[in-house]
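Please look at the chain below and follow it from its surface to its aromatic rings and its packed helices.

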Amino acid sequence: MSGWHGLSPNNKELLSKIERLPPKNHRFEFVALSNKFQAADAQREKSFLTDYADRLNEIARADFFLHLPSDSYKLQASGALMDMLLTGTPVIGLRTDFGDELTEIIGPFGYFFDKHDDLLTFFSSAELDPAEVYQFRFNLAAGCEKIVALNQAQFDAAVAS
């Protein structure tokens, strides 16, 4: 499982609890991808420490992506969720309005929870259904095409008006 979104204090606490689950409950291996920046030159322009294509390749190798947005992030569109769409990687994480809207368009593409405790319970007791996970991946693959077509239609309508 991969994740690279910056963590709020509440989400850091949740991740710490997940990492402390008893070994018998370890169903996932976690890999953290950094979104930290470094100064690229004397003008203090910033660049990612990890190249975007490399980050997408790492995400694509994961079984799931752990999405832990901060509370203020819940109403925004999500670059992280768009990365999951591009790579076909199902999501486990906290529910956001954008994730709900994306689900309405492409169908279910992961496991989403409203509360930290519900997510923690999932990690400690989840039995994954391979057919359901396959459907998540199918929805993501087909969904990428749906989103591109929807964006093209919106662009065409804007140009025509």
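The chain exposes about 9600 Å², of which carbon and sulfur atoms supply 54%; accessible areas come from the Shrake-Rupley method with a 1.4 Å probe, and for residues only the protein chains shown count as cover. This is a predicted model, in which local features need pLDDT of at least 70 and side-chain atom pairs count only at pLDDT 80 or more, while totals for chains, interfaces and linings use all residues. Residues are numbered from 1 along each chain as its sequence is written, and side-chain values use heavy atoms, with hydrogens and water left out.

Of the 161 residues in the chain, 37% are buried, where buried means under 20% relative accessible area, exposed over 50%, and partly exposed in between. The secondary structure comprises six helices and seven strands. Helices (H or I, at least four residues) and strands (E, at least two) are DSSP runs, numbered from the N terminus. Along the sequence the pattern reads β-α-β-β-β-α-β-α-β-α-β-α-α. Taking contacts between residues at least 6 apart in sequence, 67% join residues at least 24 apart; contact means heavy atoms within 4.5 Å.

Turn next to the aromatic rings. A pair of aromatic rings is described by the distance of the centres and the angle of the planes. Across the whole structure, a search finds six aromatic pairs. Rings of Phe, Tyr and Trp (its six-membered ring) pair if their centres lie within 6.5 Å; planes under 30 degrees apart count as stacked, over 60 as edge-to-face and the rest as tilted. The Phe64 and Tyr111 pair is tilted, because the ring centres are 6.1 Å apart and the planes stand at 40 degrees. This pair links distant parts of the chain, 47 residues apart: Phe64 lies in the loop between helix H2 (52-61) and strand E5 (65-67), and Tyr111 in strand E7 (residues 110-113). Both residues, Phe64 and Tyr111, are buried. Phe122 and Phe123 form an edge-to-face pair, at 5.8 Å centre to centre and 75 degrees between the planes; Phe122 and Phe123 are buried too. One aromatic cluster is formed by Phe64, Tyr111, Phe113, Phe122, Phe123 and Phe136.

Leu102, Ile105 and Ile106 in H4 meet Asn139, Leu140, Gly143, Lys146, Ile147 and Leu150 in H6.

Note on methods:
Buried means under 20% relative accessible area, exposed over 50%, partly exposed in between (1.4 Å probe, protein chains only).
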